[in-house]
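Keep the model open next to the text as you read.

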Amino acid sequence: MIVIEMLSPALILIVAAVLIPLANDRIKPIIILLAPLLTLAAIWQIEDGVQGSVLFLDYYMLEPVEGSPLRRLFATVFAIMVFFGGLFAYRIASWHELSAAFVYAAGAIGVCFAGDLITLFLYWELMAIFSTVIVWCGGTPGARDAGIRYAIMHLLGGVVLKVGIEGVVVATGSIQIQPMLATDFSTWMILIGILINAAAPPVSAWLSDAYPESSVSGSVFLSAFTTKTAVLALLLLFPGEPILIGVGLYMIMHGIIFALLENDARRILAYSIVNQVGFMVCAVGIGTQMALNGAAAHAFAHIIYKALLFMCAGVVLYRTGKSRCTDLGGLYRTMPFTTICAIIGALSISGFPLTSGFTTKTMISQAAIDEGYMAVYFLLTAASAGVFLHAGIKFPWFVFFQKDSGLRPKDAPFNMKLAMIGCAAICIIIGVFPQLLYGLLPYEVAYEPYYPAKVVFYLQLLLFSGLAFFVLLPLMKRTLTISLDTDWVWRRGGKLLANLLLKAIDRFTASKDRIGTKTVTTLSYLTNRYLGQPHKADSEEKSVFARSWTIGTTALWISGLLSAYVLAFYL
Amino acid sequence: MTDPNEKQSDDHWLVRPATIRNIWIVAIGVLLLTLLAEFFIPTKGYFGIDDWPGFGAFFGFACCLLMVLFAKALGALLKRDADYYGGDDRD
């Protein structure tokens, strides 16, 4: 029996998504702002544990809604993000983008509460489909192409995940979501399927390829859900899977290095998502309570400040039509509000004391210390410096300061300003009163983020990274270039391989033809030589037995056949 | 400190050479302060090496230097013209 507790809060957003295209311009903003708040209220009504189950295929018990502090935390931040994203977007985004964003978010919230693997998979695919629509809403030919590549990657990821889920279900007979380790084929497939969504190597390029092609508001929605749902899935299914430490560290460094090379402001932010998700993946790999708390807390903080940064870049794109660092600069003159918000977002992502990043990212470092992982700790610390370099300073510096580009755009419209104020406030509130967030974490938090020696250490680390940026500024000069990422493999590599194959086939056919012609000439020479000439020089009858044979050859054949007959008779 | 050739319209207070010089002075002052703070707040290292005085400053600067140089080297290999994937991506 369906009972009200078994209805996922995601359904509210789906209903809203259906209503958005039907509503007129006065009611639409109300739906867009009210639906996430209702969703948030519904999320907090869900109690811990499974809220009822439905028999499926006479054997499997589907559990559409299962509550736990971890699930509630992710759903909460997703709902907050739908609210601020909607507030930011509702005046400029088309109805199909807004509707798609709401269903996409519904998918993410559905995954949060999915109590079994089948429900999880369904919401997972919902996200894949509607996030693709958002990429397409970028509206440019580039967005169309990137959307197709994005869809292929995510559908592929979905298939891999499905193979894994089916394998696990066959092996264990259970569709329960429970912690596992990547030990056999099925669990590896699940892990790979999730990691594709987390933008892990070697396919992380789907993210930096697609997100910057989306619209001004689309990137705000995209930045929030897909990768963080993957982090949640890892937290639920693979806590303490050691391979994730390495994967996470690679993502962290990959994000930094490519963001340093990048010229497009929104692509810099896209690479820093890879970098930040790397921190969370690494924390899931460490797997202690401190680490898992850190991953969850960091995901919460990250979603908000990354949305804030994408909003700032979005406003710049909206007002100037440009997002390349080489075209921008000096915008602080006329966009002081956006500049300040970008700085707050940039300080938060860098983990500057008194911002949200500091109170969450240092939990992950602390977990590495507690486990005695020296290399991991130093790499995380180096990465903190690197984040300040590429996102903390580089992004605001090249967009809002550096040279005077001559652009004098207006500052953000009021609704965008409100959304940005909201996000910036959350960044600072979590930074100053971390206990508010710590209270929501899955495990009890015995962690004090602020003590003098640590604050001094991080101030030194970050401020000297800043010094390094300005000392090395000549090396950081932006060029009108892109950098080849792994997407080269499927954007160019595949084509090259296909061309090589085609060439090889051509050559094979050519040599086959040559050999064929040669064989025919040789054979016809031999037939001419030993089996006789064509009847006449211009004879149509070219077949061997239609030819005139010399008497001698005929006599030879007849005697040969007769001898064979005689032999056969006596045998 | 004002350059007579500089046009008045470009002269936002933030980009005046005097301001920039002052910013550098203040910034270097702050950097020194963070180093001096270690005299009053003893460092707390976890793995021995991070107990050294000024480790955070050195580590931050050195890591950034390495990362920028590495990125630069990799860039020489991976950078392509902005329209490398261009229009012929669509076939």
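This is a predicted model: local features need pLDDT of at least 70, side-chain atom pairs count only at pLDDT 80 or more; totals for chains, interfaces and linings use all residues.

Residues are numbered from 1 along each chain as its sequence is written, chains are lettered from A and ligands numbered from 1 in the order in which they are written, and side-chain values use heavy atoms, with hydrogens and water left out.

**Empty space**

Rolling a probe the size of a water molecule over the atoms shows where empty space is left. Here a cavity is a set of points, on a 1 Å grid over the protein atoms alone, where a 1.4 Å probe fits but cannot get out. A pocket is an open set with protein on both sides within 12 Å along at least five of seven lines, and lining residues have an atom within 4 Å of a point. Grid points are joined across faces, edges and corners, and a volume is the space filled by probe spheres set on the points.

How many cavities of 30 Å³ or more are there? The count comes to 1.

| Space | Volume | Lining residues by class |
|---|---|---|
| Largest cavity | about 180 Å³ | 10 nonpolar, 7 polar, 4 charged |
| Largest pocket | about 990 Å³ | 21 nonpolar, 3 polar, no charged |
| Second largest pocket | about 760 Å³ | 11 nonpolar, 11 polar, 15 charged |

For these classes, Ala, Val, Leu, Ile, Met, Phe, Trp, Tyr, Cys and Pro count as nonpolar, Asp, Glu, Lys and Arg as charged, and the others, Gly among them, as polar. Helices (H or I, at least four residues) and strands (E, at least two) are DSSP runs, numbered from the N terminus.

Take the largest cavity, at about 180 Å³. Of the 21 residues that line the largest cavity, Y377(A), K454(A), F457(A), K44(B) and Y46(B) are the closest to its centre. At least two lining residues each come from α14 (356-370) and α18 (452-471) of chain A and from α2 (55-78) of chain B. The top contributor is α18(A), with 6 residues.

The largest pocket, about 990 Å³ in volume, has 24 lining residues, and the closest to its centre are I393(A), W397(A), F470(A), I23(B) and A27(B). Two or more residues of this lining come from each of α13 (336-349), α15 (374-400) and α18 of chain A, together with α1 (17-36) of chain B. Which element gives the most to this lining? That is α1(B), with 7 residues.

The second largest pocket holds about 760 Å³ of space. Its lining has 37 residues, and E213(A), D264(A), R267(A), R324(A) and A82(B) sit closest to the centre. In chain A, α6 (141-172), α8 (205-210), α11 (265-286), β5 (481-483) and α19 (487-531) each supply at least two of the lining residues.

**Helix packing**

Axes are lines fitted to C-alpha atoms, for helices over the stretch in contact, and angles run from 0 to 180 degrees between N-to-C directions. Contact means heavy atoms within 4.5 Å. A crossing is left-handed if the near helix is turned anticlockwise from the far one by less than a right angle, and right-handed if clockwise.

The axes of α11(A) and α15(A) come within 11 Å and cross at roughly 160 degrees. That makes α11(A) roughly antiparallel to α15(A) (angles over 145 degrees count as antiparallel in this rough sense, and those under 35 as roughly parallel). Their crossing is left-handed. Contact residues include F279(A) and I286(A) in α11(A), and L380(A) and V387(A) in α15(A). By class, this contact has 13 nonpolar, 5 polar and 1 charged residues.

α11(A) also packs with α14(A), at about 35 degrees and with the axes 10 Å apart. This crossing is left-handed. Q276(A), F279(A), A283(A) and I286(A) of α11(A) make the contact with K361(A), I364(A), A367(A) and A368(A) of α14(A).

Helices α7 (residues 185-197) and α10 (residues 243-261) of chain A have axes that come within 13 Å and cross at roughly 20 degrees. α7(A) is therefore roughly parallel to α10(A). The crossing is right-handed. W188(A), L191(A) and L195(A) in α7(A) meet I243(A), L244(A) and V247(A) in α10(A). The contact residues divide into 6 nonpolar, no polar and no charged.

Most residues other than glycine have a negative phi, and most peptide bonds are trans. A199(A), in the loop between α7 and α8 of chain A, has a positive phi of about 60 degrees although it is not a glycine. P202(A) is found in the loop between α7 and α8 of chain A, and a cis peptide bond joins P201(A) and P202(A), with omega about 0 degrees.

How values were computed. Angles under 35 degrees count as roughly parallel, over 145 as roughly antiparallel, 65 to 115 as roughly perpendicular and the rest as oblique.
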